[in-house]
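Dear colleague,

Please find below the structure that I am handing over to you. My notes on what was found in it follow directly after.

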Amino acid sequence: MVVVLSVLVLAGCGATSSVENPRLSLGVVVDPAWAQVPVAEAFDLFQRAGVQVDVVNFASGAAAMESLAGGAVDVVTAADAPTSAGIIASDDVRVLAQSAYHNNMRIIADGRRGITSLSDLNGRRVGTTFGTSAHYMAATTLAEHGVSAELVQVAPPELRTALTRGDIDAAAIFEPYATQISEAWADDAVVFRSDPPYTSRVYINTRTDVLDSRRDQITRLLAALQCASTLLEESNPRAVNAVGEATGLQGSTLGDVVSGYHYELVLDQPAADGLHTLATWAVAEGNIPEGDGVPDFAAAFDEQALAESSSVGPACDHSTE
C-alpha cells in the first residue's frame with residue numbers, strides 16, 4: 001500500500017482543539033533536511049495542530065536513533081543509514097514518514113594540500129561521521145573511483161576544526177556543515193560528488209510503545225510537519241528564514257541550500273528501497289550484524305498516522321503568519 005499526502009493549500013488557519021497528553025519529545029538533527037521542525041516552531045504549527053512538543057537537538061541521526069532506542073525521546077529524525085540500522089537492531093522501531101530527500105552531500109577537500117581530484121585522496125584521511133548517510137556516501141564514492149583513503153570518525157561540528165589542524169585532508173558531510181566548510185575555505189575548497197549524485201532520504205521514526213500510547217499526538221505532529229512542508233515547497237520567506245536561524249545559513253546561500261531539498265511526508269516504495277540499499281551496504285561492510293538478513297523495511301512503516309494526519313492538522317495558506 002502506498003500512502004502519499006498531497007500538499008493541500010487550504011483557506012483559513014483555524015486552530016484544532018488541544019490534546020491533554022504529556023508533551024512529545026522530538027529528537028532533531030540541525031540540518032536543512034529536517035527544516036520542517038524549525039518552520040513548525042516559527043509558525044506555531046505544533047500548537048495549532050493540538051500537540052505539545054519539546055525539541056531535542058542531536059549532532060547526527062545515528063545519535064538520535066540511539067536515544068530513541070534507549071527510550072530517551074519519543075520521535076526522532078534520521079537519514080536512511082541510521083534508520084535502516086535502527087530497524088535491523090530493534091523490532092520496535094517504526095517509520096512514520098519519509099520527510100524529504102536531497103542530493104546535497106559531498107566530499108570537501110583542502111586544495112592547498114595538492115588535492116585536485118578524487119585520486120589525490122589515495123593514502124589520505126577523510127573525516128566523516130560513522131553510521132550516517134555521509135559515511136555511506138564517502139565509502140561508496142571512494143570505492144567506485146578506486147580510491148584507497150582512510151575514513152576517520154569525526155563528529156559533524158568538529159570537522160572544520162579537524163581540517164584546520166590537518167587531522168584530516170577532506171570531510172564527507174551533510175548540510176549545514178558542508179556549506180560552512182566550503183565557505184570557510186572559499187577558493188581553496190575542492191568539492192567532489194558521487195556520479196550520479198547520491199539521493200539521501202530522511203525519515204521520522206518512533207517506537208511501538210509510543211505509537212500504542214500516544215497515536216493521536218503522533219498524528220497531530222505529522223499534520224504540523226506536513227503543513228511546514230507546504231510552506232517550504234512554496235519558498236515562503238518566513239519559513240526559509242526560520243531554517244536560516246536554525247542552521248546558521250544566510251542570504252543567497254540559504255536559499256540555494258533549501259531549494260536543493262524536496263519536502264513532503266510520504267510512505268512509498270522508494271522510501272523502503274532507500275533503506276534497503278543502505279542496509280545492504282552496511283551488512284556487507286560489517287558495520288551492522290547480518291542477523292537474519294536484510295528485512296522488508298516496508299513492514300516497519302506505520303501508515304495509519306500519516307493517513308489520518310490530513311484530517312487533524314492546521315490549515316496552510318500563503319497568509320499563514
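Directly after H3, Gly71 adopts a positive phi of about 85°. Elements here are DSSP runs numbered from the N terminus, with at least four residues (H or I) for a helix and at least two (E) for a strand. The model is a predicted one, in which local features need pLDDT of at least 70 and side-chain atom pairs count only at pLDDT 80 or more, while totals for chains, interfaces and linings use all residues. Residues are numbered from 1 along each chain as its sequence is written, and side-chain values use heavy atoms, with hydrogens and water left out.

Within H3, the buried residues (under 20% relative accessible area; exposed is over 50% and partly exposed in between, with a 1.4 Å probe and protein chains only) are Gly61, Ala62, Ala64, Met65, Ser67 and Leu68. Their cover includes strands E2 (24–29), E3 (53–58), E4 (75–79) and E5 (93–102), together with H4 and E11.

**The chain as a whole**

The protein chain contains 12 helices and 12 strands. It has 321 residues, of which 55% count as buried. Among its contacts (heavy atoms within 4.5 Å) with a separation of 6 or more, 83% are between residues 24 or more positions apart. The chain exposes about 13,100 Å², and carbon and sulfur atoms supply 47% of that area; accessible areas come from the Shrake-Rupley method with a 1.4 Å probe, and for residues only the protein chains shown count as cover.

**Pocket and cavity**

Both terms refer to a 1 Å grid over the protein atoms alone: a cavity is a set of points where a 1.4 Å probe fits but cannot get out, a pocket is an open set with protein on both sides within 12 Å along at least five of seven lines, and lining residues have an atom within 4 Å of a point. Points are joined across faces, edges and corners, and a volume is the space filled by probe spheres set on them.

The largest pocket has a volume of about 300 Å³. It is lined by 21 residues, and those closest to its centre are Ala81, Pro82, Ala85, Gly86 and Gly131. Helices H3 (61–69), H4 (80–89) and H11 (269–285) are the elements that each give two or more residues to this lining, and H4 provides the largest share, with 6 residues. By class, the pocket lining has 13 nonpolar, 7 polar and 1 charged residues, where Ala, Val, Leu, Ile, Met, Phe, Trp, Tyr, Cys and Pro count as nonpolar, Asp, Glu, Lys and Arg as charged, and the others, Gly among them, as polar. The largest pocket lies between domain 1 (24–101 + 199–310) and domain 2 (106–192), because both give residues to its lining; the domain bounds come from an automatic or database domain assignment.

**Ser200**

Ser200 is located in strand E11 (residues 200–207) and is buried, with a relative accessible area of 1%. Leaving aside residues up to four places away in sequence, Ser200 touches Ala79, Asp80, Ala100, Tyr101, His102, Met105 and Ser133. Its C-alpha atom is separated by 9.8 Å from that of Leu278, 78 residues apart along the chain.

In helix H7 (residues 177–185), Tyr177, Ala178, Thr179, Ile181, Ser182 and Trp185 are buried. Among the elements that cover them are helices H6 (159–165) and H10 (251–258).

Two cis peptide bonds deserve a mention:

- Glu175 and Pro176 are joined by a cis bond with omega about 0°; Pro176 is in the loop between E9 and H7.
- Asp195 to Pro196 is cis, with omega near 5°; Pro196 is in the loop between E10 and E11.

Ala186, in the loop between H7 and E10, has phi near 50° and is partly exposed at 49% relative accessibility. Ser235 has a positive phi of about 55°, lies in the loop between helix H8 (208–233) and helix H9 (237–247), and is partly exposed at 48%.

With kind regards
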